[in-house]
Amino acid sequence: MKIDIVTIFPEIAEAPLNSSIMGRAIAGGYVEINFHDLREFTTDKHRQVDDTPYGGGPGMVMKPEPFFAAIEKIKTPAAKVIFLTPQGKQFKQARAVDLSKEEHLIFLCGHYEGVDHRVVEALVDEEISIGDYVLTNGTIAAAIVVDSVVRLIPGVLGDDQSAAVESFSGDGKRIEAPHYTRPAEFQGMAVPDILLSGNHAKIDEWRDEMAEQRTRENRPDLLE
Ligand code: ADE
């Protein structure tokens with residue numbers, strides 16, 4: 001898979017996506033990630049990427065020209081162009097699974113009050129929000145979406161099982177059961193006996209029950 005991230009702050013996406021599992025996914029050739037500075041696509045002396053909004057109002061709006069120039073240079077026929085914005089469709093695990101099968105993803109990241117809407121109308125295939133809160137910068141959201149997508153590319157996670165049985169996978173209606181490791185007793189708190197029993201049928205049953213209970217407590221919306 002090829003990923004291009006277009007932003008005025010490439011360094012915000014570079015740090016998380018060059019480390020740990022993402023760094024290994026790049027080194028292993030599972031994904032190629034290119035970080036583009038939007039200012040490289042300006043043509044004026046001051047490399048201006050924003051301007052005041054038509055109709056008045058607070059803040060600045062990102063100019064269309066640098067985004068159009070960036071897409072002109074980067075886009076391939078297979079590319080899907082995604083814009084990160086709190087006005088987008090809410091991102092879910094099922095969308096991450098679908099995006100992990102794409103050949104080429106381009107992420108356009110906003111800043112300030114927003115972006116000239118002609119960018120969305122003419123260039124963008126999909127607007128994504130990572131949740132109902134507002135960040136200072138879409139680049140943080142892009143790093144989150146890219147991480148969730150790249151880890152699903154076959155081979156990126158060492159153990160293929162770990163993506164198959166996690167929260168929101170399958171029908172997306174449950175979160176995972178809790179996990180424990182050694183020591184079996186710690187500060188008076190014991191690991192549930194069943195996990196030490198070696199009875200895998202019973203352990204599966206227990207995990208099902210716990211997943212159900214944890215979902216009821218923390219994410220009742222998933223059960224509706
Ligand atoms: N930019 C600012 N807030 C955002 C959000 N919640 N999701 C995606 N992009 C954003």
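Buried, in this talk, means under 20% relative accessible area, and exposed means over 50%, with partly exposed in between, using a 1.4 Å probe and protein chains only. The model is predicted: local features need pLDDT of at least 70, side-chain atom pairs count only at pLDDT 80 or more, and totals for chains, interfaces and linings use all residues. Residues are numbered from 1 along each chain as its sequence is written, and side-chain values use heavy atoms, with hydrogens and water left out.

I start with helix 2. Helices (H or I, at least four residues) and strands (E, at least two) are DSSP runs, numbered from the N terminus. Helix 2 covers residues 20-27, and Met 22, Gly 23 and Ala 25 in it are buried. These residues span an arc of only 160 degrees around the axis, which puts them on the same side of helix 2; the arc is that of the directions from the helix axis to the C-beta atoms. Ser 20, Arg 24 and Ala 27 are exposed, on the face turned away from that buried side. Helix 1 and helix 6 (138-150) are among what covers the buried residues of helix 2. Just after helix 2 comes Gly 29, with a positive phi of about 80 degrees.

Five strands form an open sheet in the order 2-1-6-5-8, with parallel pairing, where two strands pair if DSSP finds at least two bridges between them. Strand 2 (32-37) and strand 8 (126-129) are at the edges with a single partner strand each, so one side of each has no neighbour in the sheet. Strand 5 (residues 79-90) and strand 6 (residues 104-109) pair in the parallel sense over six bridges. Lys 80 has Leu 105 in strand 6 as its bridge partner.

Terms used
Contact = heavy atoms within 4.5 Å.
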